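Here are my notes on this model, point by point. Please read them with the structure open.

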Amino acid sequence: MAGTIDEARLGEFMGQMAGYMTGGALCFGVWLGDELGLYRALASAGPQTAGALADATSCNPRLVREWLDGQVAGGLVGYGQATDTYELSAEAAAALADDSSPVFVARGMNAFASLFIDHDKIADAFRGSGGISWGEHHPRLFSGTEWFFRTGYRAYLPAEWLPALDGVDAKLHSGAKVADVGCGHGASAVVMAQAYPAARVWGFDYHAPSIETARERATEAGVADRTTFEVAEAKNYPGRYDLICFFDCLHDMGDPVGIARYAREHLEADGTVLLVEPFALEDKAANLTTNPMAALFYTVSSAICTPNSLAQDVALGLGAQAGEARLREVFEAAGYSRFRRAAETPMNLILEARQ
Ligand SMILES: C[S@@+](CC[C@H](N)C(=O)[O-])C[C@H]1O[C@@H](n2cnc3c(N)ncnc32)[C@H](O)[C@@H]1O
């Protein structure tokens, strides 16, 4: 035990714990609301009783009422006592019901669900070698990751990130070749193919089921004619490209230096690497205390990203909070002469590397 307990500090700490427990429970409640279509039905019909919502979603009315009251207590859903009706504000509908909105977060909860589904594997990795490959996780991780990041790619990638790179936007408009390495379900590749119809986009990932889903996503989005998705390791995909991208994945890989070097060797003359990584402040103490995403990113990194890296060749274990200076070292070691921050959001650092 670390010293005598101060009752005031204990009360404060337990209040913090109550907040985290509520957050954990509401992550589940949000997942359920998206999975069962409860938010979409609430958003589409305006204020409604629990019974009407249960009818509209073919769900059990008693359970729907209990879920709704939890949502109201958590401040996500509004309640009118006089009419005993529930409703979603426009803001809540954007975050929870409309999967085309730039702030939609509900479906990303699948990633949190996967942590609990995979709890034994993760605990075993902590007690053992530390390694868990991406494909060993429950598929909810793959869809959760897709939806966690997809919103940001749709909001920022064509509008801000690609135009922030030196000369890349113009090249893409006139028909550049793009590789999206570690493309997962293809969220970023599809966004690029939609925004730049003259460009040709190749998505590579070593996880075969993700590549199959990426192909389906491209077909659904009407860009299958200009995208190609292939199973490939980040150190053995074919071809040369004007732009090679790593979206929220380089830190998951065992050998980021070797992978960045392989990318340099597969760039066309004057090509660019776009590196998108989770946002982190340079100073570790400042990052731990003032980056609002740090607790989430470190925790997820300890259970998913770092174990994936430790399961691969070299096993560098960069982690999801490596930060710009550490990432610059990786690219300098891989032989790049230029590396700069092109843009940032509260979630991501957008970095540009040139030969
Ligand atoms: C966190 S996910 C990001 C997926 C996608 N880029 C996105 O932003 O939605 C990391 C991805 O990297 C892939 N990956 C990890 N190590 C890899 C490697 N050595 N070669 C190719 N893909 C790899 C995983 O299969 C997974 O799809």
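1. Axes here are lines fitted to C-alpha atoms, for helices over the stretch in contact, and angles run from 0 to 180 degrees between N-to-C directions. Keep in mind that this is a predicted model.

2. Start with helix 6 (residues 109–117) and helix 8 (residues 139–161). Their axes come within 6 Å and cross at roughly 150°. Angles over 145 degrees count as roughly antiparallel, so helix 6 is roughly antiparallel to helix 8. The crossing of helix 6 past helix 8 is left-handed.

3. Which residues make the contact? Helix 6 supplies Met109, Asn110, Ala111, Phe112, Ala113, Ser114 and Ile117. Helix 8 supplies Arg140, Leu141, Ser143, Gly144, Thr145, Trp147 and Phe148. By class, the contact residues are eight nonpolar, five polar and one charged.

4. Now the ligand. Around the ligand are 22 residues, and Gly182, Gly184, His207, Ala234 and Cys249 come nearest. Helix 8 and helix 10 (187–195) are the elements that give two or more residues to this shell. Helix 8 gives the largest share, three residues. The shell is made up of nine nonpolar, eight polar and five charged residues.

5. Look at Ala234, one of the residues that come nearest the ligand. Ala234 sits in the loop between strand 5 (227–231) and strand 6 (241–247). Is Ala234 buried or exposed? Ala234 is buried, because 26 other C-beta atoms lie within 10 Å.

6. Leaving aside residues up to four places away in sequence, Ala234 touches Val181, Gly182, Met253 and Ile259. Take Met253: Ala234 and Met253 are 19 residues apart in sequence, and 8.4 Å apart in space, C-alpha to C-alpha.

Note on methods
Residues numbered from 1 in each chain as written. Predicted model: local features only at pLDDT ≥ 70, side-chain atom pairs only at ≥ 80, totals over all residues. Helix = DSSP H or I, 4+ residues; strand = E, 2+ residues; numbered from the N terminus. Parallel < 35°, antiparallel > 145°, perpendicular 65-115°, else oblique. Left-handed = near helix turned anticlockwise from the far one by under 90°. Contact = placed C-beta atoms within 7 Å. Nonpolar A, V, L, I, M, F, W, Y, C, P; charged D, E, K, R; others polar. Near = placed C-beta within 6 Å. Buried ≥ 20, exposed ≤ 12 C-beta atoms within 10 Å, placed from the backbone.
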